[in-house]
Amino acid sequence: MIYEDLKGRKVLVTGSSSGIGSAIAVMFSEQGCFVGVHYFRTKDGAQRTLEQVNKKSDGILLHADMRDEKQVNEMVEHFAEVAGGIDILVNNAGSLIDRQPFETATVEYHDDVYATNVRSVLLATRSALPYLKKSSGNIVNIGSVAGHHGGGIGSGIYAGAKAAVATETISMAQEFAKYGIRVNSVLPGFIETRFHERFSSAQRRKEVAEQTPLGRNGTAEDIAKVVLFLASDAAGFITGEYIAVNGGLYMRA
Ligand SMILES: NC(=O)c1ccc[n+]([C@@H]2O[C@H](COP(=O)([O-])OP(=O)(O)OC[C@H]3O[C@@H](n4cnc5c(N)ncnc54)[C@H](OP(=O)(O)O)[C@@H]3O)[C@@H](O)[C@H]2O)c1
């Protein structure tokens, strides 16, 4: 699917060294976008993403711990300077970090989950905002199905953080509409990336696939396709909305 309006857009994808973010970065490059490939710990993964991006378009590597205000400001400024602005921000970086049930969770774990998944969205959005105002650009936030159903064992705090991302998507959409900036979110279900290689057993992954009405777990590309749609003019009258991409694993009215 080619969205003609995306050609030449300047797109910053946080957490594109792996999984969903990497697929999003590559798919934007296939539309002829200039792509900011961001990483924190996985430089080789980001380099692999950039190699893929360079096959179709152009981009740069960006580094920042998304929990750190100064690092994020510098990273976003650097991208805007090299790219000549920002049209689309994809707030994708995030992690479960660990599985810790409420009964035994540490305060440090709680705060790290919120810094990684929620503070990161605030920091990148605030830094990118002056550029998005100029371009009447848009933002896509990556939430999670966990924000709807509360998550599995030990992922309740992460679920709460992702619910905050979904709600803040609506708040941001309301606040930024006057600038012509749209803000939407995609809520992935169970997607086969490093995330579940780290946090879910092979048995669990198989069980979830069997329970999913469409009969499989998702791929990073399943998510990327929907991000592209929301970022394109095809979704030009959509803001403050979410699209759940979960194979029917969790349906709601
Ligand atoms: N996979 C799923 O089933 C699923 C379901 C619902 C929602 N999600 C969400 O989708 C997004 C992508 O997840 P994924 O499945 O693609 O996982 P992944 O393969 O583990 O990728 C996570 C990305 O986030 C980055 N990241 C994590 N902590 C960071 C920090 N402190 N600063 C900067 N970057 C950081 C990682 O960067 P480095 O590796 O370079 O440090 C990596 O690029 C996350 O927000 C996740 O919560 C995933």
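**Notebook: a predicted model and its ligand**

I looked up V186 and recorded it as buried, at 0% relative accessibility; buried means under 20% relative accessible area, exposed over 50%, and partly exposed in between, with a 1.4 Å probe and protein chains only. I noted that this is a predicted model, in which local features need pLDDT of at least 70 and side-chain atom pairs count only at pLDDT 80 or more, while totals for chains, interfaces and linings use all residues. Residues are numbered from 1 along each chain as its sequence is written, and side-chain values use heavy atoms, with hydrogens and water left out.

**Entry 1: strand 6**

I placed V186 in strand 6, residues 182–188. Helices (H or I, at least four residues) and strands (E, at least two) are DSSP runs, numbered from the N terminus. I then checked the C-alpha atoms of V186 and V227: they are 41 residues apart along the chain and separated by 6.8 Å.

How many of the residues of strand 6 are buried? I found that seven of its seven residues are. R182, N184, V186 and P188 point one way from strand 6, whereas V183, S185 and L187 point the other way. In a regular strand the side chains alternate between the two faces of the sheet.

I looked next for the partners of strand 6. Two strands pair if DSSP finds at least two bridges between them. Strand 5 and strand 6 run parallel and are joined by five bridges, with N138 opposite R182. Strand 6 is also joined to strand 7 (residues 242–245) by four bridges, again in parallel, and the bridge partner of L187 in strand 7 is A244.

**Entry 2: strand 2**

I read strand 2 in the same way. Six of its six residues are buried. F34, G36 and H38 point one way from the strand, and V35, V37 and Y39 point the other way.

Which strands pair with strand 2? Strand 1 (residues 10–13) runs parallel to strand 2 and is joined to it by four bridges; V11 stands opposite V35 there. Strand 3 (residues 58–63) pairs with strand 2 in the parallel sense over six bridges. A crossover is right-handed if, with the strands pointing away from the viewer, the path from the first strand over the helix to the second runs clockwise. Strand 1, helix 1 and strand 2 also make a right-handed β-α-β unit.

**Entry 3: the ligand**

I turned to the ligand and found 32 residues around it, the closest being S18, T42, N92, Y158 and T193. A residue is near a molecule if one of its heavy atoms lies within 4 Å of it.

Which polar contacts did I record? A polar contact is a pair of N or O atoms within 3.5 Å; within protein, one must be able to donate a hydrogen and the other to accept it, and residues adjacent in sequence count only if both atoms are side-chain atoms. A backbone N or O atom of N92 lies 2.7 Å from an oxygen atom of the ligand. For G94, a polar backbone atom is 3.4 Å from an oxygen atom of the ligand. For T193, a polar side-chain atom lies 2.6 Å from a ligand oxygen atom. Taken alone, the ligand exposes 890 Å², and the protein buries 96% of that; these areas come from the Shrake-Rupley method with a 1.4 Å probe, and for residues only the protein chains shown count as cover.

I listed the elements that give two or more residues to the shell: helix 1 (19–30), strand 2 (34–39), helix 6 (156–176) and helix 7 (194–199). Helix 7 gives the largest share, three residues.

**Entry 4: positive phi values**

Most residues other than glycine have a negative phi, and most peptide bonds are trans. I97, which is not a glycine, has a positive phi of about 65°. I located I97 in the loop between strand 4 (88–91) and helix 4 (107–135), and it is partly exposed, with a relative accessible area of 29%. S136 also has a positive phi, near 45°. S136 lies in the loop between helix 4 and strand 5 (138–142) and counts as partly exposed at 45% relative accessibility.
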